[in-house]
Amino acid sequence: MSQDSGGEADDAPRTEGDLTKTGMSLRHDREWDYELDRIVDAVEERDAETVGLQFPEGLKRRGPRVADDLRAELPDDVSVMMSGQPCYGACDLDTYLMRRTDVFVHFGHSPMKESEKIIYVPLFSNVDVFPIMERALDEQLAPADEDEDVGLVTTAQHMNKFDEMRSWLEERGYTVHTRKGDERLTHEGQVLGCNYASADVDADQMLYVGGGKFHPLGLAMEHPDKTVVIADPVNNAVSVADTEKFMKQRYGAVHRAMDAEEWGVIFCTKIGQGRWDQAQEIVENNENAYLITMDEVTPDRLTNFGMDAYVNTGCPRITTDDGPQFKQPMLTPQEYRIAVGEEPLEDLAFDTFHGTW
């Protein structure tokens with residue numbers, strides 16, 4: 001089983017995120033570590049007959065190739081199945097497939113809650129983060145002799161480089177502030193699209209190392225007093241999180257909902273996304289509010305209800321990412337309270353999610 005990408009034997013140990021010594025060829029993708037050797041070991045240890053694989057949306061197209069590599073190493077009588085359910089985080093497990101497989105593998109996220117049944121494969125990235133950090137220091141971070149305090153956060157894919165990132169900043173004169181957030185977060189310095197508790201540190205500037213702008217945008221919304229510098233090694237881009245456009249969208253949605261007469265209150269049935277108490281409280285206190293349960297919340301699913309506005313108590317990203325796609329206003333619970341006059345508009349804040357299931 002110990003073959004490098006060129007097919008020659010190689011018994012040297014591998015480190016987390018190193019694809020060249022995984023024990024598998026992984027010819028189809030050399031950016032992520034799928035840890036297939038760990039999955040094969042789990043199948044052998046559990047004498048498993050069925051394996052379930054769950055991928056986030058952006059990696060589903062790679063699923064068949066991962067399944068091919070697994071099948072090549074597993075006994076012929078072991079079945080490998082892939083989940084077709086949408087998946088947006090560790091809170092979004094395909095519980096149906098999980099109950100019907102001996103080994104269930106969730107790719108792309110770190111554990112939100114430990115389970116003996118689930119193998120979490122965070123897909124550590126091999127991308128070199130230090131060139132983009134150098135650019136961030138040159139272009140956006142305040143020099144250490146002007147402001148030595150900097151907070152450091154990243155996503156699950158780059159946690160394998162987190163200690164090196166911290167040391168790199170310290171070598172350049174910075175005092176690096178990090179912390180582990182609440183129980184929804186696995187690692188120190190980790191942020192999720194719905195939780196930025198790890199950024200609650202004593203520093204006016206934050207360095208976010210990771211792909212995309214959603215995570216740092218949420219961080220900037222949650223901590224408006226901080227400057228959030230984005231060092232994106234995936235897209236090779238450096239910028240500062242700007243919340244102005246996002247805030248205008250949210251203010252607009254709240255204003256449009258102020259005249260709503262009938263409200264649909266959405267309770268998400270996904271295992272890690274339900275906020276039942278919040279949904280129930282709204283319905284109990286508003287006779288024109290109606291509770292709607294669903295797993296995947298999409299504009300077309302809501303069209304037939306014909307409500308004037310909706311409140312999303314599920315994943316905050318449904319509102320923040322997809323909000324403009326809904327025909328009627330889609331609000332967070334706090335935005336709902338503003339729309340009905342229970343809170344002032346100037347208190348509008350980013351919706352975050354805490355706790356597990």
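How are H1 and H2 oriented to each other? This is a predicted model, in which local features need pLDDT of at least 70, side-chain atom pairs count only at pLDDT 80 or more, and totals for chains, interfaces and linings use all residues. Residues are numbered from 1 along each chain as its sequence is written, and side-chain values use heavy atoms, with hydrogens and water left out.

Select helix H1 (residues 36–46) and helix H2 (residues 63–73), which pack at an angle of about 45° with their axes 10 Å apart; helices are DSSP runs of H or I, at least four residues, numbered from the N terminus. H1 and H2 are therefore oblique to each other, a class left over once angles under 35, over 145 and 65 to 115 degrees are set aside.

Next, select Pro56, Tyr88, His109, His215 and Arg317, which lie nearest the centre of the largest pocket among its 47 lining residues. (On a 1 Å grid over the protein atoms alone, a pocket is an open set of points where a 1.4 Å probe fits, with protein on both sides within 12 Å along at least five of seven lines; lining residues have an atom within 4 Å of a point.) Helix H6 (214–222) and helix H10 (316–322) are the elements giving two or more residues to this lining, and the largest share, four residues, comes from H10.

Finally, select Gln85, Asp92, Leu93, Lys270 and Asp295, which lie nearest the centre of the second largest pocket, lined by 14 residues.

Technical notes. Axes fitted to C-alpha atoms, helices over the stretch in contact; angles between N-to-C directions.
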